[in-house]
Amino acid sequence: MKYRILVVDDEEAARYGIRKALQVKEHLILEAADLASARFLVEKEDPALVLLDVNLPDGSGIDYLRELSARRRPPTVIVITAHGSERIAIEAIRAGAYEYLAKPFEVDELRLLVKNARERDLLSEENRVLKEELGRDGRFGVMVGQSAAMKQVFDVVERVAATDVTVLILGDSGTGKELIAREIHHRSSRSSMPFVALNCAALPDSLIESELFGHEKGAFTGAIARRQGKFELADTGTLFLDEIGDMAIGTQAKVLRVLEERRFERLGSSEPLSVDVRIICATHRDLGQAIARSEFREDLYYRVRVVTIELPPLRERREDIGLLLEYFGKTVAEKYRIQWSGFTEAAIQKLLNHPWPGNVRELRNLVERCAVLCTKGPIDVGDLPAEISVPSGRGGTGCAQLPYEEARAAFEREYLAAVLDRHAGNISQAAAAIGLHRQTLQYKLKQLGIRKTWSDV
């Protein structure tokens, strides 16, 4: 397939010169004298490269560049400017241009830019095809999932990775918040720079500021030497603040200042240090409620949640469980150099019905335990932990082995499923029988991960 190049310039002589310079058998050259013609050709021919003049009779080339950049699969754009228009060139690069050329330009310079653009496009296409192939297997970097919820998460990650926008990742413990943060960093322009993580809930209030900002020798008792903080260590890279909802309110004010001014001081120093760092935050808490209780600063909340990514609990994406079992099983087998034979159908059914309060982390640990202990044939129901293999109703012993909250959830799940079965799946009748409003029962079913389709009437 030929490499399609669209030349947008109102000067016929300029278009002719570019066409002559680039006319080789691998190229298909298209021409437009104004924006209207350019829009028509972009929709009809889908060019890979656009050589775009800034000054056009029916509008601004920079405005059209922004329009092109907003397309789902934008073409590569090289902007053509008048000599001495460095300010325009910089604006074009910020608006999404790959490069710029100042008139008059050398033919060899034009050919080299087009050659580089084509090589870049070919590499991008190879990466896109590779991502699609991985996606068919449910893989997205180190993440696994084919559910609609996870595909939406992966799409947002892909979009935000190309920018420096601040991201807030929400989700229960064990859903993979740090993996998402690392994937954003890996896909960003900062991928070769440091990724530094700090769990804000794992440190007492007296130590977290030292961890974040560093300290000078003698700043406090035990500060025997200067130490760099996480902001300093993450300079030019990404800083991941996990469980930011548990950060002390006083520290929140200092973090807000760094986000606004990109400067801070080490403890025990008055010398400001500048930092270029991308911030990604995560929490399992409801920050709206934390703000209402004066436990989280509202101004910091709006600063960190420019883009929000919400990770669903595993019970809400049960269609991914089979993929995750296979992925973790093969990973563990390779790690310990053992044979992986998978799970029996009966064991998989038990795992699909489990509520997974610990989410993907709990599932990964279960697979590792079973793979190591069960060395003969596929893992069966009897090889599963008691809280999964033993029935959880009052007649069984499973509930007694669980923590209180998990035992209550297990009982409610079995109880409500039995009530619904007794009323042929009619939610209204089942709710009336047990003294609940229909909406309350619907919410409970969703909360407990009961996914069977029931009737509302």
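User: What is the handedness of the crossing of H17 and H19?
Analyst: The model is a predicted one. In it, helix H17 covers residues 404-422 and helix H19 covers residues 438-447. Where H17 and H19 cross, the crossing is left-handed.

User: Which residues of H19 make the contact with H17?
Analyst: On the side of H17, the contact is made by Glu 412, Leu 416 and Leu 420. By class, this contact has four nonpolar residues, no polar ones and two charged ones. The partners in H19 are Leu 441, Lys 444 and Leu 445.

User: Are H17 and H19 roughly parallel or oblique to each other?
Analyst: The axes of H17 and H19 lie 11 Å apart, and the packing angle is about 130 degrees. Roughly parallel requires an angle under 35 degrees, and roughly antiparallel one over 145. With the range from 65 to 115 degrees counted as roughly perpendicular, the two helices are therefore oblique.

User: How is H3 oriented to H4, roughly parallel or roughly perpendicular?
Analyst: Helix H3 (residues 61-69) and helix H4 (residues 86-94) have axes that come within 10 Å and cross at roughly 15 degrees. Angles under 35 degrees count as roughly parallel. The orientation of H3 to H4 is therefore roughly parallel.

User: Which elements do the buried residues of H8 pack against?
Analyst: In H8, the buried residues are Ile 208, Glu 209, Ser 210, Glu 211, Leu 212 and Phe 213. After H8 comes Gly 214, with a positive phi near 80 degrees. The buried residues of H8 pack against E11, helix H9 (230-233), E12, H10 and strand E13 (263-264).

User: Is Leu 168 buried or exposed?
Analyst: Leu 168 lies in strand E10 (residues 167-170). Beyond its neighbours within four places in sequence, its contacts include Cys 281, Leu 287, Tyr 301 and Ile 309. Residues under 20% relative accessible area count as buried. Because its relative accessibility is 1%, Leu 168 is buried.

User: What distance separates the C-alpha atoms of Val 360 and Leu 314?
Analyst: Val 360 is found in helix H15 (residues 359-373) and is buried, with a relative accessible area of 14%. Not counting residues up to four places away in sequence, Val 360 touches Leu 314 as well as Gly 174, Thr 175, Arg 317, Leu 324 and Phe 328. Although Val 360 and Leu 314 are 46 residues apart along the chain, their C-alpha atoms are separated by 6.4 Å.

Notes: Residues numbered from 1 in each chain as written. Predicted model: local features only at pLDDT ≥ 70, side-chain atom pairs only at ≥ 80, totals over all residues. Heavy atoms only, no water. Axes fitted to C-alpha atoms, helices over the stretch in contact; angles between N-to-C directions. Helix = DSSP H or I, 4+ residues; strand = E, 2+ residues; numbered from the N terminus. Left-handed = near helix turned anticlockwise from the far one by under 90°. Contact = heavy atoms within 4.5 Å. Nonpolar A, V, L, I, M, F, W, Y, C, P; charged D, E, K, R; others polar. Buried < 20%, exposed > 50% of the residue type's maximum accessible area, 1.4 Å probe, protein only.
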